[in-house]
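Good morning, and thank you for making time for this item. I would like to take you through one structure, element by element, and I ask that you keep the sequence and the coordinates in view as I speak.

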Amino acid sequence: MPTETSPILLWCRRDLRLSDHPALTEAARSGRPVVPVFLLDEVVEGLGAAPKWRLGLGVDVFAKALESIGTRLILRRGPALRVLRELLRETGATEVWWTRQYDPDQIARDKAVKAALHDAGLEARSFPGHLLFEPWTLQTGQGKPYQIYTPFWRAALGRGVAQQRLAPPTALTTPQHWPESEDLADWQLGRAMNRGAEVVRAYIHVGEAAAQMRLATFVRDRMEGYARDRDRLDLDASSGLSENLAYGEISPLALWEAGQRAMEDGKSGAETFLKEVVWREFAYHLLYHTPHITQESWRASWESFPWKPESAETLRWKQGRTGIEVVDAAMRELYVTGRMHNRARMLVASYLTKHMLTHWRVGQRWFADCLIDWDPASNAMGWQWVAGSGPDASPYFRIFNPQTQAETFDPEGTYRRRWLAEISDDPPETALRFFDACPRSWGMTPDQDYPAPLVGLAEGRKRALDAHEWWKTSSRT
């Protein structure tokens, strides 16, 4: 049983910030010794190359933030339950606190930890902080989870957020004796990135301070035009905060309040920005209530569709060599920056699943390996939404034509020239950096001829329409 002097193990995961951190705030208010810990456990070990590397950078910055308030972050490697038991014995702690996560792997791990600690007479407490609303609190009038975004958005806006922003603690009570900590560098979390880490590093913004600065700059300079410009590939019109949200370096509550203030100030893009914040929320609620979305088609009828598996054609898609300029530009942007414009994500996903008829899981796995802002809920729902197997009332109508999309959202070809060296006489540094990041085994050089289309637009549209005829037939039977 906990006492007034027994330490609390504060298990930090994707909540790498001091402000708006309910578990950390409550631990500070308790007056008890607090031992913050980060574990390289079975869930973290399973991350793809880019998100694992980026998480490590975030942990390093968060450790320094904790040092600024007079405490430290203990690092340990191994299965969560085993390592937590070891730390409980070493510190004399009787409780483990953490911020809730909602994807199937983390829920399974946390349930096992909580059950084992309970059986041992120890306590485990979970706190909110990763979402605006807990998934079991925002439901339809019939007490069921929402499955369509628009009514979910209306419910979220009408209900409002009950949480209050929390100031960062100025200090934590420290234990008399600290347990030993491992060295973050020894974990080599960026090993799988190879030389790509050096290329991508120039494009990332790590830590709470960087995230808050990013938000302030966006509100000041780009919020007004967000609704108009957010889909433009050639403009820097988005907030860029998906990276920091993914690791909890900024809270969704901070974004919600910034959007609300902007609405009050009459900024025309504020409501659209808030809808994007709630779109992320919707993805997590959907993930929580229908966890099969990460592995199986959300619409069961699509499980029998004859998707193509990984192939040589898939490799060309990954390499940015499909012969469709806007698709290839987006795939190369991913390699150089670890990110991809949201409109571009829809285009490359549509080309893979509807022109190439390749399984959405192939693309989902590639993004999970390459994105520094990888998010289990948004990635799963985004791929299924585009593929047509996800939560959408009319999925067979959505076939993105990459040519018309490029003409609309990259009208001068600026985005394509930024990332494709082969289409410029004097390619920019951004395009050339792709050849520093990509594997040499691809045999690509900046001066090679641009490849012919892997699947032509007319053929791709015919394939997509045939696929959706299949879906309409199967959905009626």
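Predicted model: local features only at pLDDT ≥ 70, side-chain atom pairs only at ≥ 80, totals over all residues.

Strand 4, residues 95–99, and strand 5, residues 123–127, run parallel and are joined by five bridges. Within this pairing, Glu-95 stands opposite Glu-123 of strand 5.

Is Pro-104 buried or exposed, or something in between? Its relative accessible area is 28%, so Pro-104 is classed as partly exposed. Setting aside residues within four places in sequence, Pro-104 is in contact with Leu-287, Pro-291 and Thr-294. Thr-170, by comparison, is 66 residues from Pro-104 along the chain, and the two C-alpha atoms are separated by 34 Å.

Gln-106 also lies in helix 5. Here the relative accessible area is 5%, and because the limit for a buried residue is under 20%, Gln-106 counts as buried. Residues up to four places away in sequence not being counted, Gln-106 touches Arg-14, Val-43 and Gln-101.

Helix 5 leads us to a pocket. The second largest pocket has a volume of about 630 Å³. It is lined by 31 residues, and those closest to its centre are Leu-47, Asp-103, Asp-105, Trp-374 and Pro-376. Which elements give two or more residues to this lining? They are strand 1 (8–12), strand 2 (34–40), helix 2 (42–45), helix 3 (49–68), helix 5, helix 17 (360–370) and helix 18 (376–387).

I turn now to backbone geometry. As a general point, most residues other than glycine have a negative phi. Gln-188 is not a glycine, yet its phi is positive, at about 50°. Gln-188 sits in the loop between helix 7 (184–187) and helix 8. Its relative accessibility is 46%, and Gln-188 therefore counts as partly exposed.

The second residue is Leu-357, where phi is again positive for a residue other than glycine, near 55°. Leu-357 is found in the loop between helix 16 and helix 17. With a relative accessible area of 16%, Leu-357 is buried.

In helix 8, residues 196–200, we find Ala-197. Ala-197 is buried, at 15% relative accessible area. Ala-197 and Val-336 are 139 residues apart in sequence, while their C-alpha atoms are 9.2 Å apart in space.

In helix 16, residues 342–355, the residue is Arg-343. Is Arg-343 buried or exposed? It is buried, since its relative accessible area is 11%. Which residues does Arg-343 contact, leaving aside neighbours within four places in sequence? They are Asp-231, Leu-233, Phe-400, Gln-405 and Phe-409.

Thank you; I am glad to take questions.

Notes: Residues numbered from 1 in each chain as written. Heavy atoms only, no water. Helix = DSSP H or I, 4+ residues; strand = E, 2+ residues; numbered from the N terminus. Buried < 20%, exposed > 50% of the residue type's maximum accessible area, 1.4 Å probe, protein only. Contact = heavy atoms within 4.5 Å. Pairing = 2+ DSSP bridges. 1 Å grid on protein atoms, 1.4 Å probe; cavity = no way out; pocket = protein on both sides within 12 Å on 5 of 7 lines; lining within 4 Å. Points joined across faces, edges and corners; volume = space filled by probe spheres on them.
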